[in-house]
Amino acid sequence: MSTNAKNDCAVVEEELDEEPRSIILSMIGQLRKDMDLSRITFPTFVLEPRSFTERVTDFMSHPDFLIQYGVKKPYNPILGEFFRSRYAFDDDTSAFFVAEQVSHHPPITAMFYHSPEHHIAIEGDLRPKSRFFGNSVGMLLEGYAKVHFGKWNENYQVTYPNMYARGILFGKMVLELGETSTVTCVESDLAFDVEFKTKGLIWGTYNQIAGKIRRISTKEILYEISGNWQTQIFILDVREKRRLGNLEPTVLFDSAKEHVVPQLVACAAEQEPNESRNLWKYVTKAIVENNLDNATTYKSAIEEQQREDAKRRDAAKERFVPRFFQLETDGNYHPKLKNISEDPVKAKEDIVNWVFTRPDGQIQNFDKAEDDPIVLAAGLAATKSLPRH
């Protein structure tokens, strides 16, 4: 994998060896254009060493995390799999996160994030649909996300852009975001429409965005947003430009100056069997060591166990019930934890008990050192982020 900095733009590229490309060509021979890939089993060399339940956290982190694994595909989570973590900020405040695979067909991942001291809460679900488009594969991200700022009593509804892996047949494989994402807040009467521009065959550059912030009630354009979502984003006050006649955009976001807060994950001994890093640790170790045969064997065993569990539920006429989330009348999955206190101390206590309590009644111990030899060999012992691969 390589990062091309041409045009001041970080672009992740990967050129496949002949054997992996031959396998992809063989798979593609069985596909049709616009075909749904959700039931396709991908070879392990196209997998990044973590589950989609963990990759969801990228949306709450620095954009560099989106390019950490290039065009690799995360593991397809099994039903009931979950990932949980916490964040410790420099000002001694904290935040907590949990994501759970609440449906397998269709795949749906529900998520919850809360920072009690900052009164910020995020919830939502992602419903990825993979499509084959010839020389590219797209992940169409449906679902919803709601960001709540308690200090101002504002709720922001967010839709997701799509993701594309280009050049899977010829050329270099490149990851792109594409289409339009919207952020809407009724309380502030503001909406942000942003287009993630994909590079053309001849013209254009990667990772460009163009957007407008407008009043919902009057549709008046207040600000224009432009730039590169991985490096620098600029903002222009439209009304000031109109008043002054000439005005240059100012920097709204500069990734080089941003600080990333790492997420903390408990050691394997403190995790449950269906917790993402524990569940996939043998696959992760094999991929990190580039042992694709072992990775395939361990991955197949997990998928076979999932099929057996589904057969058992069908035979017993049991319905799967998610642990952390529930499907509500609006058709979306929401956290089962309701009516979180505005008092940070009480909210933190309730969230920690809900997210981190194990079936034995004990709360995960984040201070316990990692001693699992498989996890140590896979390079996960730092409990913060996965190794680059």
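**Inside and outside a predicted protein model**

In helix α5 (residues 281-288), the buried residues are Lys281, Val283, Thr284, Ala286 and Ile287; "buried" means under 20% relative accessible area, "exposed" over 50%, and partly exposed in between (1.4 Å probe, protein chains only). Helices (H or I, at least four residues) and strands (E, at least two) are DSSP runs, numbered from the N terminus. Just after α5, Asn290 takes a positive phi of about 60°.

This is a predicted model, where local features need pLDDT of at least 70, side-chain atom pairs count only at pLDDT 80 or more, and totals for chains, interfaces and linings use all residues. Residues are numbered from 1 along each chain as its sequence is written, and side-chain values use heavy atoms, with hydrogens and water left out.

**The whole chain**
- The protein has eight helices and 20 strands.
- Of its 389 residues, 48% are buried.
- Take contacts (heavy atoms within 4.5 Å) between residues at least 6 apart in sequence: 52% of them join residues at least 24 apart.

**The cores**
- A nonpolar core is a set of buried Ala, Val, Leu, Ile, Met, Phe, Trp, Tyr and Cys residues joined through side-chain atoms within 4.5 Å.
- The largest one has 33 residues, and Tyr87, Phe97, Met111, Tyr113, Leu126 and Ile209 touch the most other members.
- Strand β9 (residues 136-149) gives the most to this core, with four residues.
- A second, separate core has 19 residues, including Phe82, Phe96, Val352 and Trp354.

**A loop residue**
- Leu201 sits in the loop between β13 (190-197) and β14 (208-215).
- Leu201 counts as exposed because its relative accessibility is 89%.
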